[in-house]
Amino acid sequence: MEWDWNFVWQIMPTLIQGVKITILATLLGSMLAAVVGLGIALARRSPNKALSRTVGWGAEFIRGTPLLVQLYFIFYVLPDIGILLPPLVAGVIGLGVHYGTYTAEVYRAGIDNVPRGQWEAAKACNLSARHTWTHIIIPQAIPPMIPALANYFIAMFKETPLLSAITVLELMNQAKSVANTYYRYIEPITLVGAFFLIISLCSVVLLRWLERRYDKIER
Amino acid sequence: MTQWSGYLGLIVQGALVTIELTLMGSVLALIMAFLAGMGRLSRFFVLRALATTYIEFFRGTSIFVQLFFAYFVLPLIGIELTPLQAGVLALGLNVGAYAAEVVRGGVQSIGREQHEACVALNLGRWQGMRHVILPQAFLVMLPTFGNNAIELLKATSVVSLISLADLTFQAQVVRAQTGNTMVPFTTILVIYFILALLLSWGVRSLERRLARGLDGVRV
């Protein structure tokens, strides 16, 4: 089989549709992961042992099981108990929660890296627990962890093709459907690969820049 | 009440396929990791360039796309692969690219004085690597290799989409035959988690075993 440029241009609009959904899913998933991760990290530091243990085990479980099966679980099992989600929403929840358990570790490390003196100073200034977190700890903890967070968001981007398994019409699914319609696999699948490679290489450059930028602020 | 014993057989078969894939994929990944990791540290520009290309390519494109490429596109250019071969190939090459960076980092983490000691003892490059650097570096790499192996285990679920009868595939079969979604998916989530725990436990005991006799030498 030969590479056919005419076919490439013919399927391009369909693939671009898919690219939009892929990027949308990544952005929404990243936002959710950022929030879920912070939630998990805070819950694990909670003085309430029952809460911190339960959340810790739950996060461990989610991290030890495949995202694909979790997506199936959200998409096929939750409707049984009355929660019917559209594919994209189910996909974003799956991505967000799965990567939230990873970003939680980044937050944990970031929070642990805030010097002890800052906690003591907050106490000396008579700040409440809430104010200590929002005004002292989190603003100092977040900038150094931005490169690590970005790293996970790029990893999440590369996992979005899994959403095709729960019928989200993202890039991979569009590619598969045009491949099945015309029975030509070389162009669609290669283009998907090329697309991921290009975005990943660009994101590596972005990541290096983030690392340089936030390294400077801290030191 | 559904007859679960027959379905349990299916799940066990699936678990065996998943374990087989994980083991074979890990072996390929380990080989690729050392080849590419050493390639990146090579004196020769060609080897460095080859290794870097391999690593960036397989880390940059999604595992899912690579698997589809191996299964659907390679036959069109004359390379026929069974689903199992395509699965092992894609998983091994993908995780191998991540692990190659671990190998490079591990070797580079060994202090300069060790290299100088090798020169002082008149060891060749290969001898020094084999007897002095790698035994120490391997211990540094091991925990991250463990994480990589768990990533590989989780990635095996993707092969169900190229009709390989692994755990996730069998859960779908059970779901299709019984109409029950909760039981099969919960079961396989637990099985994946147990497999991941076994892996991390195995790596930790290997680490303890290899650390024997190195106390006081390393950090």
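The model is predicted; local features need pLDDT of at least 70, side-chain atom pairs count only at pLDDT 80 or more, and totals for chains, interfaces and linings use all residues. Residues are numbered from 1 along each chain as its sequence is written, while chains are lettered from A and ligands numbered from 1 in the order in which they are written.

Chain A has 8 helices and 0 strands. Helices (H or I, at least four residues) and strands (E, at least two) are DSSP runs, numbered from the N terminus. The order of elements is α-α-α-α-α-α-α-α. Along the principal axes, the C-alpha atoms of chain A fill a box of roughly 70 × 45 × 25 Å. Of the 219 residues in chain A, 38% are buried. A residue counts as buried if 20 or more other C-beta atoms lie within 10 Å of its own, as exposed if 12 or fewer do, and as partly exposed in between, with C-beta atoms placed from the backbone. Among contacts in chain A with a separation of 6 or more, 77% join residues 24 or more positions apart. A contact requires C-beta atoms, placed from the backbone, within 7 Å.

Chain A meets chain B through 28 residues on chain A and 28 residues on chain B. On the chain A side, helix 2 (49-64), helix 3 (67-77), helix 6 (129-159) and helix 8 (186-218) each supply at least two residues. Helix 8 of chain A gives the largest share, 9 residues. By class, this side of chain A holds 20 nonpolar, 5 polar and 3 charged residues. Here Ala, Val, Leu, Ile, Met, Phe, Trp, Tyr, Cys and Pro count as nonpolar, Asp, Glu, Lys and Arg as charged, and the others, Gly among them, as polar.

Within chain B, the axes of helix 6 (residues 125-155) and helix 8 (residues 182-211) come within 9 Å and cross at roughly 170 degrees. Axes are lines fitted to C-alpha atoms, for helices over the stretch in contact, and angles run from 0 to 180 degrees between N-to-C directions. The two helices of chain B are therefore roughly antiparallel, a term for angles over 145 degrees. Residues of helix 6 of chain B in this contact include B:Phe138, B:Leu142 and B:Gly146. Helix 8 of chain B contributes, among them, B:Leu195, B:Ser200 and B:Glu207. The contact divides into 15 nonpolar, 2 polar and 1 charged residues.

The largest nonpolar core has 106 residues, and A:Leu71, B:Leu67 and B:Ala100 touch the most other members. Such a core is a set of buried Ala, Val, Leu, Ile, Met, Phe, Trp, Tyr and Cys residues joined through C-beta atoms within 7 Å. Helix 4 (residues 83-108) of chain B supplies the largest share of this core, 13 residues. Not counting residues up to four places away in sequence, A:Leu71 touches A:Ala90, A:Gly91, A:Gly94, A:Leu162, A:Ala165 and A:Ile166.

Helix 5 (residues 116-124) of chain A is hardly covered, with 0 buried residues among its 9. A:Asn126 follows helix 5 of chain A and has a positive phi, near 65 degrees. Most residues other than glycine have a negative phi. A:Thr167 is not a glycine, yet its phi is positive at about 65 degrees. A:Thr167 sits in the loop between helix 6 and helix 7 (171-182) of chain A. A:Thr167 is partly exposed, with 13 other C-beta atoms within 10 Å. In chain B, B:Ser163 also has a positive phi, near 65 degrees. B:Ser163 lies in the loop between helix 6 and helix 7 (167-178) of chain B. B:Ser163 is exposed, with 9 other C-beta atoms within 10 Å.

Notes: Contact = placed C-beta atoms within 7 Å. Parallel < 35°, antiparallel > 145°, perpendicular 65-115°, else oblique.
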